[in-house]
Structure formats: structure tokens, C-alpha cells
Amino acid sequence: MPVPTPPQSATATASPRSLRLGLDVGALYIHGVLLDPWDRVVARGERQHQGEVLSATRKMLAEWVNAVPISAAAVVGNQAPAVASALG
């Protein structure tokens with residue numbers, strides 16, 4: 001994954017290697033996005049969980065988290081409480 005380049009207005013304190021994760025865990029699919037410190041989408045994906053919400057979420061996260069450090073995460077959707085509890 002390439003290291004994002006900051007826009008002209010970015011502050012010098014933001015780390016380009018630290019990304020934020022957003023997950024929308026719904027009844028059928030998990031949608032995910034990684035944002036750089038300048039709110040640009042670095043990666044996005046979706047995965048049908050077929051009722052195996054935690055397993056599918058862990059697989060998606062394993063693909064992304066191993067690539068770069070995640071500084072913050074947010075989980076939304078009707079399956080969010082279960083995922084947030086399991087993942088800490």
C-alpha cells in the first residue's frame with residue numbers, strides 16, 4: 001500500500017502511516033474503509049458475511065491491519081455492538 005502524500009494544507013504533525021478504519025456491519029454485508037490523516041480514502045471493501053459476522057470481520061481486518069497501523073476505528077450498523085464487543 002503506498003504511503004499517502006499530504007495536501008498542501010496538512011499539518012506537519014500528522015503521520016502518513018497512521019490510518020483510520022470505518023466499518024459498517026449490516027445484516028448481509030460488511031463495508032469497510034481506510035482513511036488517511038487527510039480524510040482521503042486509501043482502501044475500501046465489502047464482504048458478505050453469510051451470518052458469520054465476527055469471522056468475516058476478522059478476515060477483512062487481517063487484510064488491512066497487517067498492511068499499516070490503524071490509529072482509530074469506528075463500527076456502525078445493526079451488527080456493530082457484537083463486533084465492537086468482540087474486537088475490543
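This is a short chat about a predicted model of one protein.

Q: How many helices and strands does the protein have?
A: It has 2 helices and 4 strands. Keep in mind that the model is predicted.

Q: And what pattern do they follow along the sequence?
A: Read along the sequence, the pattern is β-β-β-α-β-α.

Q: OK, the strands. In what order do they sit in the sheet?
A: The order is β3-β2-β1-β4. The sheet is open, and its pairing is mixed.

Q: Which strands are at the edges?
A: β3 and β4 are the edge strands. Each of them pairs on one side only. β4 covers residues 70-76.

Q: What about the twist?
A: From one strand to the next, the twist averages 15°.

Q: Let's zoom in on β2 and β3. In which sense do they pair, parallel or antiparallel?
A: Antiparallel, over 7 bridges. L35 has V41 in β3 as its bridge partner. G32 stands opposite G45, which is also in β3.

Q: How many residues lie between the strands in that hairpin?
A: There are 5 residues between β2 and β3. One of the hairpin's residues, D39, takes a positive phi near 65°.

Q: Which residues of α1 are buried?
A: V53, A56, T57, M60, L61 and W64 are buried.

Q: Where do those buried residues fall around the axis of α1?
A: Seen down the axis, they fall within an arc of 130°, so they line one face of the helix.

Q: Why would residues three or four places apart point the same way?
A: An α-helix has 3.6 residues a turn, so residues at that spacing point the same way.

Q: What covers the buried residues of α1?
A: The cover includes β1, β2, β3 and α2. α1 lies across β1, β2, β3 and β4. Its direction runs at about 155° to β3.

Q: Now the inside. How many residues are in the largest nonpolar core?
A: That core has 14 residues. L21, L23, V25, I30, L34, M60 and W64 touch the most other members. β1, β2 and α1 each supply at least two residues of the core.

Q: Which element gives the most?
A: α1 does, with 5 residues.

Q: Pick L23. What does it touch?
A: Leave out residues up to four places away in sequence. L23 then touches I30, H31, G32, T57, M60, L61, A74, V75 and V76.

Q: And I70, where does that one sit?
A: I70 is in strand β4.

Q: How does I70 count: buried, exposed or partly exposed?
A: Partly exposed, because its relative accessible area is 28% and buried means under 20%, exposed over 50%.

Q: What does I70 touch?
A: L19, L21, L34 and V65, again not counting residues up to four places away in sequence.

Q: How far apart are I70 and R20?
A: They are 50 residues apart in sequence. In space they are 5.6 Å apart, C-alpha to C-alpha.

Q: Last one. What share of the protein's residues count as buried?
A: Of the 88 residues, 26% count as buried.

Terms used: Residues are numbered from 1 along each chain as its sequence is written. This is a predicted model: local features need pLDDT of at least 70, side-chain atom pairs count only at pLDDT 80 or more; totals for chains, interfaces and linings use all residues. Side-chain values use heavy atoms; hydrogens and water are left out. A nonpolar core is a set of buried Ala, Val, Leu, Ile, Met, Phe, Trp, Tyr and Cys residues joined through side-chain atoms within 4.5 Å. Buried means under 20% relative accessible area, exposed over 50%, partly exposed in between (1.4 Å probe, protein chains only). Contact means heavy atoms within 4.5 Å. The arc is that of the directions from the helix axis to the C-beta atoms. Two strands pair if DSSP finds at least two bridges between them. Axes are lines fitted to C-alpha atoms, for helices over the stretch in contact, and angles run from 0 to 180 degrees between N-to-C directions.
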